[in-house]
Amino acid sequence: MSRVYTHTHTHTHTHSDLDVFFLDRRHGSSRERRNPRPGAVSDARAQRSYIRKKFDLSQNPGRKPGDLTSALANAHSERQMIFFFLLHFVATMIVWQHHMYFKFRQRAAVVPEGANLYWWKRLVPPVEFGTMHAMLLQLALIPMTMARHTIATLSATSLARFVPFQHTLRMHIHLGYVMVLFVFLSTVLFFVFFGQGCVDQRSGKEPLVKGKESFCDSMKSEIMLTGYGLFAAFGIMGVTSYLRDKMKYELFYAVREATRPTVRRDCFPYDRVVNAVP
């Protein structure tokens with residue numbers, strides 16, 4: 001099955017339907033980069049549907065495409081977002097590992113061999129320290145997904161071939177969910193670690209620090225209360241973001257505006273809490 005595809009000049013070429021699709025997409029995307037406008041970029045779901053249809057007509061008449069064909073079609077239509085996800089994952093892990101290892105070597109000189117909760121004290125502060133800087137990376141990236149003028153300018157450059165600027169909303173949502181996940185896991189780990197240390201101090205397994213139950217006192221300190229507030233704020237933002245299609249926009253906007261000042265003012269207290277670990 002073939003179709004005639006005519007360029008702007010006088011030459012005429014014959015291409016398969018799949019070739020025409022990619023040619024239309026390439027020429028269309030160049031026009032869109034020169035003159036970006038709302039809705040100019042074709043929907044990824046429509047691309048997947050088109051590719052599945054052409055694979056079905058050309059290779060499997062009368063049957064649905066197989067799982068491999070569907071996976072390849074999805075991967076092709078989402079290749080820019082996949083590249084972004086991989087790049088973001090690698091960058092986040094590099095930041096996390098660098099700061100985690102730096103704190104891990106520091107803790108080796110502080111925690112004596114045979115101490116109570118030895119490996120907890122060796123591992124939890126480095127993990128939390130690395131997580132804190134990974135969260136700071138997310139905070140640095142999230143505003144970039146809201147800089148509309150910058151996005152429009154970069155969309156007209158060759159960088160748009162590799163970075164899906166047309167999907168900045170999806171990138172913003174992804175970064176937000178990663179941020180909420182980090183805050184949730186970090187807070188849970190803090191609770192488990194400090195809670196166990198508090199129990200051990202009260203039972204006599206963990207020595208007191210200057211006659212005080214340092215682990216128990218840390219859980220009630222001002223900086224820890226700030227962390228609880230951040231945990232609640234990010235939790236509310238995460239839940240309302242997930243339910244954004246099921247709630248009124250006015251309510252969604254009000255909740256976001258109410259929690260945003262807390263996030264801006266108090267990020268991030270984790271370094272002070274980590275440094276307070278005995």
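C216 has a relative accessibility of 4%, so it counts as buried (buried means under 20% relative accessible area, exposed over 50%, partly exposed in between, with a 1.4 Å probe and protein chains only). The model is predicted: local features need pLDDT of at least 70, side-chain atom pairs count only at pLDDT 80 or more, and totals for chains, interfaces and linings use all residues. Residues are numbered from 1 along each chain as its sequence is written, and side-chain values use heavy atoms, with hydrogens and water left out.

C216 forms a disulfide with C198, the sulfur atoms being 1.8 Å apart; the criterion is a pair of cysteine sulfur atoms within 2.5 Å. The pair links distant parts of the chain, 18 residues apart, with C198 in helix α7 and C216 in helix α8 (residues 214-218). Helices here are DSSP runs (H or I, at least four residues), as are strands (E, at least two), numbered from the N terminus. The link of C198 and C216 is right-handed, with 100° about the S-S bond. C198 also counts as buried, because its relative accessibility is 10%. A search of the whole structure finds one disulfide.

Helix α7 (residues 168-203) also gives the most to a nonpolar patch, with five residues. The patch lies on the surface and consists of W120, L181, F184, L185, V188 and V192, with about 520 Å² of accessible area together. Patches are made of residues with over 30% relative accessible area and no salt bridge; like charges are joined within 9 Å, and nonpolar side chains (Val, Leu, Ile, Met, Phe, Trp, Tyr) within 5 Å. A salt bridge is a side-chain nitrogen of Lys or Arg within 4 Å of a carboxyl oxygen of Asp or Glu. Accessible areas come from the Shrake-Rupley method with a 1.4 Å probe; for residues, only the protein chains shown count as cover. L185 is located in helix α7, and it counts as partly exposed because its relative accessibility is 47%.
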